[in-house]
Amino acid sequence: MNPKIRTEAVDHLFDAILQLRDKEECYIFFEDICTINEIISLSQRFEVATMLREKKTYLEIAEKTGASTATISRVNRSLNYGNDGYDMVLGRLKEKDEDTE
């Protein structure tokens with residue numbers, strides 16, 4: 001994990017995010033704290049990660065998400081050499097989906 005982001009301010013932000021109770025509260029908070037483009041960029045990266053884990057090609061991903069190949073490559077690098085954050089969350093979402101079936 002990158003020690004540069006481990007600051008008191010980032011801890012405070014993450015503590016605030018952990019207080020959100022549902023998707024509607026997420027919309028309210030994130031629309032206040034981020035620009036629309038920042039939210040779209042974050043959601044796009046998450047979609048790219050999801051599709052990469054589904055073994056989709058860069059072309060398929062670019063066509064569906066509108067992400068550049070540079071963005072896809074950056075997300076792929078995080079998936080392969082990062083902190084496994086994407087996989088942690090994707091795994092939990094998969095478990096949640098299996099529990100509701």
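Select T50 and F46. A polar atom of the T50 side chain lies 2.9 Å from the backbone oxygen of F46. T50 belongs to helix α3, residues 36-53. Helices here are DSSP runs (H or I, at least four residues), numbered from the N terminus. T50 counts as buried because its relative accessibility is 18%. Buried means under 20% relative accessible area, exposed means over 50%, and partly exposed is in between (1.4 Å probe, protein chains only).

This is a predicted model, where local features need pLDDT of at least 70 and side-chain atom pairs count only at pLDDT 80 or more, while totals for chains, interfaces and linings use all residues. Residues are numbered from 1 along each chain, and side-chain values use heavy atoms, with hydrogens and water left out.

Next, select S73 and L52. They sit 21 residues apart in sequence and 10.0 Å apart in space, C-alpha to C-alpha. S73 is in helix α5, residues 69-81. With a relative accessible area of 27%, S73 is partly exposed.

Select L13, F14 and I33: they make a nonpolar patch of about 250 Å². Patch residues have over 30% relative accessible area and no salt bridge; nonpolar side chains are joined within 5 Å, like charges within 9 Å. A salt bridge puts a side-chain nitrogen of Lys or Arg within 4 Å of a carboxyl oxygen of Asp or Glu. F14 lies in helix α1, residues 8-17, and is partly exposed at 44%.

Last stop: E95, D97, E98, D99 and E101. Together they form a negative surface patch. E98 is part of helix α6, residues 85-100. At 45% relative accessibility, E98 is partly exposed.

Note on methods: Accessible areas come from the Shrake-Rupley method with a 1.4 Å probe; for residues, only the protein chains shown count as cover. Helices (H or I, at least four residues) and strands (E, at least two) are DSSP runs, numbered from the N terminus. A polar contact is a pair of N or O atoms within 3.5 Å; within protein, one must be able to donate a hydrogen and the other to accept it, and residues adjacent in sequence count only if both atoms are side-chain atoms. Lys and Arg count as positive and Asp and Glu as negative; His and the chain ends are not counted. The place of a charge is taken as NZ of Lys, CZ of Arg, CG of Asp or CD of Glu.
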